[in-house]
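Thank you all for making the time today.

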Amino acid sequence: MNGYRAKYLLFFLPFIAAICLELFVLPIHQFTFRVWESLSVKRSYGILKGQFYPNMKIKKIEDGDLAYYTKCAVKKDVLWITDKFGYRKANVATKKHPIVIVGDSNIAGSSLSQGELLSEVLEKKLGQSVYPLAAERLRALFKHDLIRENLPDIVVLAGIERDLPESLRPLSAKDLRTPSTLEEALKKLCLSPALQNTAVLVDRIFKANMLNYLRARINRSGSMSQPELTSAQCPIFFIQGVNANKDSTSERIEQAAQRLKEYRDLLHKKRVRFIFLPIPNKETILYQYLGTQQPLFLEQLIKKSQNLGIEVIDTQKTFHDFYQATHTFPYHADDSHWNGLGVKIAADLLEKQIMTKPLSIFR
């Protein structure tokens with residue numbers, strides 16, 4: 001029996017050594033092409049509350065997004081910092097963030113360095129703390145321990161065009177209810193560094209980034225691929241292409257606008273100002289590359305929302321006019337997300353809209 005145990009141990013020893021090497025020796029981002037995959041939570045176990053591992057500071061040269069590991073990938077030198085809740089914000093002592101931006105991967109800053117995030121750029125412009133609650137939906141506002149207890153003066157809801165209206169989920173009574181005393185105690189326990197570090201370690205084991213990396217490289221090297229493009233031949237990459245620019249229905253526009261009105265009404269009852277920031281698809285602004293007409297969905301949604309009295313930022317017109325005038329991309333060439341220039345345009349628009357009224361319109 002002991003002989004079999006020794007054989008099993010010898011057999012598994014290289015695998016155990018490889019796991020230990022990945023977890024305790026190599027950088028956490030060693031086997032991923034972006035920091036996003038390194039820090040994103042796969043299994044939270046009720047302990048890790050945010051979208052990313054908490055209390056992290058990572059620097060990495062990322063290898064593109066839609067064209068990663070090819071000559072068309074644009075290298076990006078990025079810095080990531082996450083707070084104790086697992087969101088992309090440095091830990092600060094403040095108990096209230098006057099402005100919270102709820103949104104998708106654009107707001108979380110995919111392919112952007114920390115200082116390029118919309119929340120960081122807007123914070124510098126306004127001199128007010130801005131928190132990026134992303135990638136999340138609006139219900140996360142009432143689940144985040146700090147924000148729920150100290151609601152902001154302004155909530156900016158950002159959403160990429162292709163996910164509308166599906167990403168605008170209705171809020172239920174469960175989303176808004178006050179946690180019990182036991183739930184509050186458990187949440188505080190989950191912020192224990194020892195417990196969080198253990199949860200991160202277990203999650204990294206199940207993510208198996210080293211194994212997935214090796215499998216992907218083996219499959220890629222063994223496949224019959226087309227000749228590599230040179231960097232000068234690289235196209236503009238789109239996530240949906242021509243399919244993104246198909247006509248939408250009036251029902252979808254109405255559904256999205258009514259959901260935004262529900263959000264506005266709910267937050268106004270809680271004395272919170274609501275601003276909607278739609279983010280145009282890359283295909284919508286660079287439609288000429290696809291040989292299509294510019295879709296009307298976002299333009300019509302913005303008009304419908306304005307008619308309902310919703311504060312909405314007309315990003316489509318500004319992005320379109322900027323690109324037509326300068327022929328400069330507000331998006332990464334190899335990525336579906338906006339770049340630092342796109343963020344700056346959105347931050348300028350938001351600053352202008354926010355400053356039309358006092359920071360808190362309910363005081």
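Strands here are DSSP runs of E with at least two residues, helices are runs of H or I with at least four residues, and both are numbered from the N terminus. Please keep in mind that this is a predicted model, in which local features need pLDDT of at least 70 and side-chain atom pairs count only at pLDDT 80 or more, while totals for chains, interfaces and linings use all residues. Residues are numbered from 1 along each chain as its sequence is written, and side-chain values use heavy atoms, with hydrogens and water left out.

Within this pairing, Ile275 stands opposite Glu311 of strand 7. The open sheet is formed by five strands in the order 4-3-5-6-7, with parallel pairing. Strand 4 (130-134) and strand 7 (311-312) are at its edges, and because each has a single partner strand, one side of each lacks a neighbour in the sheet.

Turning to side chains elsewhere, which helix holds Ile205? Ile205 belongs to helix 8, and at 44% relative accessibility this residue counts as partly exposed. Lys174, by contrast, lies in helix 6 (residues 173-176) and is exposed, with a relative accessible area of 62%. For these words, buried means under 20% relative accessible area, exposed over 50%, and partly exposed in between, using a 1.4 Å probe and protein chains only.

Terms used: Pairing = 2+ DSSP bridges.
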